[in-house]
Amino acid sequence: MRRLGVILFLVMLVAGCGDGRPRRYPVEGVVTVDGQPLAGEFVGSVRLIPVTGGRPASAQLDAGGKFVLGNYEADDGCPAGDYKVEVRVTEQKNMKMRYLVPPRYGRHQTSNLTATVSGKNDTLNIDVHWLPEDAKYRKMVVNMNE
């Protein structure tokens with residue numbers, strides 16, 4: 001009888017709790033620069049910071065600038081809601097780094113990018129722009145040894 005009670009308790013525990021985390025929805029997308037796809041060898045990421053607080057969702061960009069968001073694990077989706085967006089993309093060769101996206105997009109406080117995850121399969125198209133005030137970063141090369 002005791003074993004039966006333990007088994008029923010475990011069945012209810014597993015069936016009723018899920019993973020204990022907020023519900024997440026599949027979100028994929030692509031980052032473009034001035035309407036053009038990213039090209040070449042780069043290191044890039046996207047991060048969505050919830051406007052109301054909570055755990056950010058993030059993803060690494062593939063060679064074409066595409067991504068699939070993860071909140072707790074890679075590719076596990078993102079809760080529905082409104083987000084501030086960060087985008088970081090750099091080219092790194094021979095211990096030198098150059099910006100492929102203006103660095104202001106790397107901080108949600110300065111990027112002015114937003115996104116809404118609706119709670120269904122969402123596709124986010126994030127287009128960033130080089131503005132005249134970003135000109136100094138476009139050709140800047142940073143020596144990572146210093």
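Tutor: A salt bridge is counted when a side-chain nitrogen of Lys or Arg lies within 4 Å of a carboxyl oxygen of Asp or Glu. The model here is predicted, and in it Asp 134 forms a salt bridge with Arg 104, with 2.7 Å between the closest N and O atoms. That pair links distant parts of the chain, since Asp 134 sits in the loop between strand 9 (122-128) and helix 3 (135-138), while Arg 104 sits in the loop between strand 7 (96-99) and helix 2 (108-111), 30 residues apart.

Student: Is Asp 134 buried or exposed?

Tutor: A residue counts as buried under 20% relative accessible area. Asp 134 is buried, because its value is 4%, whereas Arg 104 counts as partly exposed at 21%.

Student: How many salt bridges does the count come to, and which residues are linked in a network?

Tutor: The count comes to seven salt bridges, and Arg 47, Glu 86 and Arg 88 are linked in a network. Arg 47 pairs with Glu 86 at 3.0 Å between the closest N and O atoms; Arg 47 lies in strand 3 (residues 43-50) and Glu 86 in strand 6 (residues 81-93), so this pair ties together parts that are 39 residues apart in sequence. Glu 86 also forms a salt bridge with Arg 88, where the closest N and O atoms are 3.6 Å apart. Glu 86 is buried, with a relative accessible area of 3%, while Arg 47 is partly exposed at 33% and Arg 88 is partly exposed at 42%.

Student: Which side chain does Thr 32 join through a polar contact?

Tutor: The side chains of Thr 32 and Asp 127 are joined by a polar contact of 2.7 Å. Thr 32 belongs to strand 1 (residues 27-33) and is buried, with a relative accessible area of 18%. Beyond its neighbours within four places in sequence, Thr 32 is in contact with Pro 37, Ile 126, Asp 127 and Val 128.

Student: What do the contacts say about the protein chain as a whole?

Tutor: Of the contacts with a separation of 6 or more, 66% are between residues 24 or more positions apart. As an example, Ala 115 in strand 8 (residues 113-117) is 33 residues from Asp 82 in sequence, yet their C-alpha atoms are 6.0 Å apart. The protein chain has three helices and ten strands, and buried residues make up 35% of its 146 residues.

Conventions: Residues numbered from 1 in each chain as written. Predicted model: local features only at pLDDT ≥ 70, side-chain atom pairs only at ≥ 80, totals over all residues. Heavy atoms only, no water. Helix = DSSP H or I, 4+ residues; strand = E, 2+ residues; numbered from the N terminus. Buried < 20%, exposed > 50% of the residue type's maximum accessible area, 1.4 Å probe, protein only. Contact = heavy atoms within 4.5 Å. Polar contact = N/O pair within 3.5 Å; in protein donor to acceptor, adjacent residues only side chain to side chain.
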